[in-house]
Amino acid sequence: MFKWKKLGLVAGLSLSLIAAGCGADDTEDADDTADNGNDDQAETTEGVGEEVDYTITGIEPGAGITQATNTALEDYENLAGWHHEESSTAAMLTELRTAIENEEPIIVAGWTPHHKFAQFDLKYLDDPMESYGGEEYISTIVRDGLQEDMPEAYEVLDRFYWEVEDMESIMLAGQDMEIEEAAEEWVAENEDTVAEWTEGIDSVDGTSIELVITPWDSERASGNVLRMALEDLGYDVTITPVDPQIVFQAIATGDGDASPAPWMPYTHGDFYAEYEGEFEDLGENLVGAKLGMVVPAYMDIDSIEDLEPAD
Ligand code: PBE
C-alpha cells in the first residue's frame, strides 16, 4: 500500500523536476509501475528495509518494549512482512556495535535512559502512530501497608527522584565494572542528592526490606542506589530482579516491599492496570524516559512511516 502512495507522489512530480535529477530513482519506480509491483526483480534495491532484511532487532520477550515493537508492526501498514527478532539486550547491543563498526544499517528496539546513546551516535525514528507511547516516566510503587510497617523506608522511597543523566552515568560506568560498583561510585560523588532522600529520617536496626526490580541496567542502577540509601539508614536490603509483569504481582501480593522499576504510562501500563488498586504508587522517580526504534545517525531514514514494506 505504502509503495503505491510513494509511486503516486513520484507520478505527481512535474516533468521538469524529474528531468532535474531524480533520474536513477525514477527509472526503477517506472519499472515497478509497469509490472504492477508483483515482480521480485523490480523491488527497489536501495531501501533501508531490504538492507536490514526487514528486521527489527529486539530484546527479551518479557520487556514492555517488545510488546510495543509488536504493536508497531501491527500499527504501521508499511511494516507488512517485517520481522521482529526477539533475543536479549546483550545480543541487541552486540549487533548494534557490530553494525556501527562496519557502518552498516540496523534498526533496534531502543530506550532512554541507556548508555548506548553516550557510546554511539544514534537517533530515534519518528513514531507518528505512537506505537511506543510518548514520553515516559519511571514510577516508584510500594506494597499496601508499607507506610505503617516501615515509615522510614517509605519516606526514602517517596522522596527518591533523579535525572536521566544520573541513571545513564551509572549505566555507562557499568560497562567497565559491576553495576553495583558503578552505583556506589555515583552515590559517593552525589552525596547531596542522596542526602535529599534520607535527611532527617530516623535510622532503623537492621529491618529487612525487599526491592523488586527488572533485570535491565537502568533498574539495576536505581535499585542499587536505593539500596545504599536504605542501608545508610540501617536497613538490610535484598534486590530481586524479575520480569516487569512479576514486579507488579510481587508488590500487589506483598512478596516484595517496593519497586522503582515501572515504566509508565505506556511501557508497563497493561501490567499496572492488571494490579491497579493492589499497590500504592508514590509517583515519578525519573522523567524523560523514552522507547522507540533506534538507528545509527548515519542512516538515511527519519520515520518508521518511511520504511518500505517487505511484500
Ligand atoms: N526497558 C528498560 C524495559 C524497562 C526498562 C525499556 C528495556 C522494558 O521495555 O520493559
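In this predicted model, strand E4 (residues 122-124) is joined to strand E10 (residues 279-296) by three bridges, and the two strands run antiparallel. Within that pairing, Tyr124 stands opposite Val294 of E10. Strand E10 also takes part in two further antiparallel pairings: strand E3 (residues 108-112) pairs with E10 over five bridges, and strand E5 (residues 136-143) pairs with E10 over seven bridges. To locate these pairings residue by residue, one may follow Gly110, whose bridge partner in E10 is Gly292, and Glu136, whose bridge partner in E10 is Ala289.

Thr112 and Pro113 are joined by a cis peptide bond, with omega about 5°, and Pro113 lies in the loop between E3 and helix H7 (116-119). A cis peptide bond also joins Met264 and Pro265, here with omega about 0°, and Pro265 belongs to the loop between strand E9 (263-264) and helix H15 (269-275).

Together with helix H13 (residues 217-232), strands E6 and E7 make a β-α-β unit that is right-handed.

Helix H13 in turn meets helix H10 (residues 164-173): the axes of the two helices come within 9 Å and cross at roughly 110°. Because angles of 65 to 115 degrees count as roughly perpendicular, H10 and H13 are described as roughly perpendicular to each other. On the H10 side the contact involves Met167, Ile170 and Met171, which meet Asp217, Ser218, Ala221 and Ser222 in H13. The residues of this contact divide into four nonpolar, two polar and one charged.

Ser218, which takes part in the contact with H10, is also one of the residues around the ligand. By residue class, the shell around the ligand divides into eight nonpolar and four polar residues, with no charged residue.

Technical notes:
Residues are numbered from 1 along each chain as its sequence is written. This is a predicted model: local features need pLDDT of at least 70, side-chain atom pairs count only at pLDDT 80 or more; totals for chains, interfaces and linings use all residues. A crossover is right-handed if, with the strands pointing away from the viewer, the path from the first strand over the helix to the second runs clockwise. Helices (H or I, at least four residues) and strands (E, at least two) are DSSP runs, numbered from the N terminus. Axes are lines fitted to C-alpha atoms, for helices over the stretch in contact, and angles run from 0 to 180 degrees between N-to-C directions. Angles under 35 degrees count as roughly parallel, over 145 as roughly antiparallel, 65 to 115 as roughly perpendicular and the rest as oblique. Two residues are in contact if their C-beta atoms, placed from the backbone, lie within 7 Å. Ala, Val, Leu, Ile, Met, Phe, Trp, Tyr, Cys and Pro count as nonpolar, Asp, Glu, Lys and Arg as charged, and the others, Gly among them, as polar. A residue is near a molecule or strand if its C-beta atom, placed from the backbone, lies within 6 Å of it. Two strands pair if DSSP finds at least two bridges between them.
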